[in-house]
Structure formats: structure tokens, C-alpha cells
Amino acid sequence: MTEINPVRAPRAARPDGEASRERLLHAALNLFAHQGFAKTSTREIAEAAGTNLAAIKYYFGDKAGLYRAVFFDLQSKPDEEIRRYGNEAMGLRDALRGFYLGFLEPLKQGELTTLCMKLHMREMLEPTGLWAEEIDQGIRPMHEALVKVLCRHVGVDSPDDEIQRLAVCVSALGVHLHVGRDVTDALAPALNGSPDALDRWLDTLVMYAEAMVAAEVQRRSGG
């Protein structure tokens, strides 16, 4: 499953120095997303954040530590997302709603989510090793949790290739809202134009995903 982990909301700044750390994270996100890791200097980041180089060393150790924090700290954790949809007591519709909320809520954060997406795409093109880690520790457990949901509701004990394909297709509906955002905005801007418009996506995505699961159940029954 190709998936960008959902972005978390910015934390409220605290007077104990956390505000300085947050400024560094967001300044670094903007520069890393537009310029990449290699072409961005810590001096640029410090100036953009209105702080000094010593603050980067204090909070993150070095540029690589700051890049790692930008890459992982500004997105939700896999276990948080899995709790939305992985509960075995959930019906299919509730599980799918929880799954797609993880894609939709970050879109309401606007520029933060756009920059995180750019950063992830740049990391895939100019790898530092973090994308491989993201796949292994973030995307894989979320995909496996979705596969378990689909197995339960299709009625199989263990996943086969068709369940894996179904999981990829179900995920793709949410992924495209992120990776294809600029295309959708150009072709049909009203679809993403407001928080209410984004909320309307939820029922639509769940409906389509339910239809895919039903089609797989029917296929297996020979119908």
C-alpha cells in the first residue's frame, strides 16, 4: 500500500522553549520540502525560524536529526491511526470511516499537509533512508491492519493476493486525495474547496470501498 501517514495538528506552543522547537520544525519543513535535504543548510533553517544554530543542536543534535524529526514528528503515529479502524468489534462501515478519517482530517490543515506531502515525495526521489523506514514501521503495520479488517469482512482466515489487491484499492481512494490534490483542484475545485466539501468525501469513500468489498465477496461466491 502506498500511503502517506496522516499529518498531525500542530501542538500548542509552550513558554518553556517548545515554541522554539516548533518554529524550527516548521521552518525546516518548508525548506526541506522545497530544496531537499542536501541543499538546505542549518543556517537557513535557523534564520527562517528566528533562532540560532545552537538551538538546532540542542533540540535535534544536527541537520540529520532535524530532518528526521520533520519527517516523522509532524505526522500521526501508526498505532494512533490503527485504533481508528482496527478494532475487531467494528463493523465494516465504521472501520472504513475510521480508516478514511485518517486521510481526510489532515487535508483541513492546508499548507502543512501540502508541505509534508512534498517532503515525502522529495524523499522518494532523493532518498536518505527515511522512506524505507517509513514503509517498514509506518505503512506496513497500517496496511496489515487493513488487511485483517478485510479478511474478517470478506470471510477468509488469511490474506491471499486478492485480499492484498483489495487493500491496495481501498487505500488508493484515500491516497489519491493527497497525491492528486493539485489535479483535483484544477479539474473540480469545488470538491476540496472547504471543510464541508472535504467532509462530504467521507461518505463517498466509504460507499465506494463497501462496494469493492461486496464485489470481492460476490466474486469468491461465484456470483
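How many helices and how many strands are there in the protein chain? The protein chain has 11 helices and zero strands, where helices (H or I, at least four residues) and strands (E, at least two) are DSSP runs numbered from the N terminus. This is a predicted model, in which local features need pLDDT of at least 70 and side-chain atom pairs count only at pLDDT 80 or more, while totals for chains, interfaces and linings use all residues. Residues are numbered from 1 along each chain as its sequence is written, and side-chain values use heavy atoms, with hydrogens and water left out.

**Overall fold**
- The C-alpha trace of the protein chain spans about 65 × 35 × 35 Å along its principal axes.
- Of the 223 residues of the protein chain, 43% count as buried, that is, under 20% relative accessible area with a 1.4 Å probe, protein chains only (exposed is over 50%, partly exposed in between).
- Contacts are heavy atoms within 4.5 Å; among those between residues at least 6 apart in sequence, 73% join residues at least 24 apart.

**Helix α9**
- Helix α9 covers residues 161-179, and its 19 residues should span 27 Å at 1.5 Å a residue, the expected span being 1.5 Å times one less than the number of residues.
- The end C-alpha atoms of α9 are 25 Å apart, which agrees with that expectation.
- A bend of about 35 degrees occurs in α9 at Leu173, taken as the angle between axes fitted to the seven residues ending there and the seven starting there.
- At the start of α9, a side-chain oxygen of Asp160 comes to within 3.1 Å of the backbone nitrogen of Glu162.
- The buried residues of α9 include Ile163, Leu166, Val170 and His178, and the buried residues of this helix pack against α6, α7, α8, α10 and α11.

**Nonpolar cores**
- A nonpolar core is a set of buried Ala, Val, Leu, Ile, Met, Phe, Trp, Tyr and Cys residues joined through side-chain atoms within 4.5 Å.
- In the largest core, of 30 residues, Tyr85, Tyr100 and Val170 touch the most other members.
- The elements giving two or more residues to this core are α6, α8, α9 and α11.
- Apart from this core lies another, of 28 residues, among them Ala27, Phe72, Cys116 and Trp131.
- Leaving out residues up to four places away in sequence, Tyr100 touches Val170, Leu173, Gly174, Leu202, Leu205, Val206 and Ala209.

**Cysteines**
- A search of the whole structure finds zero disulfides, defined as pairs of cysteine sulfur atoms within 2.5 Å.
- The sulfur of Cys151 lies 15 Å from the closest cysteine sulfur, in Cys169, which is too far for a bond.
- Cys151 is buried, with a relative accessible area of 5%.
- Cys116 is buried, with a relative accessible area of 4%.

Methods. A polar contact is a pair of N or O atoms within 3.5 Å; within protein, one must be able to donate a hydrogen and the other to accept it, and residues adjacent in sequence count only if both atoms are side-chain atoms.
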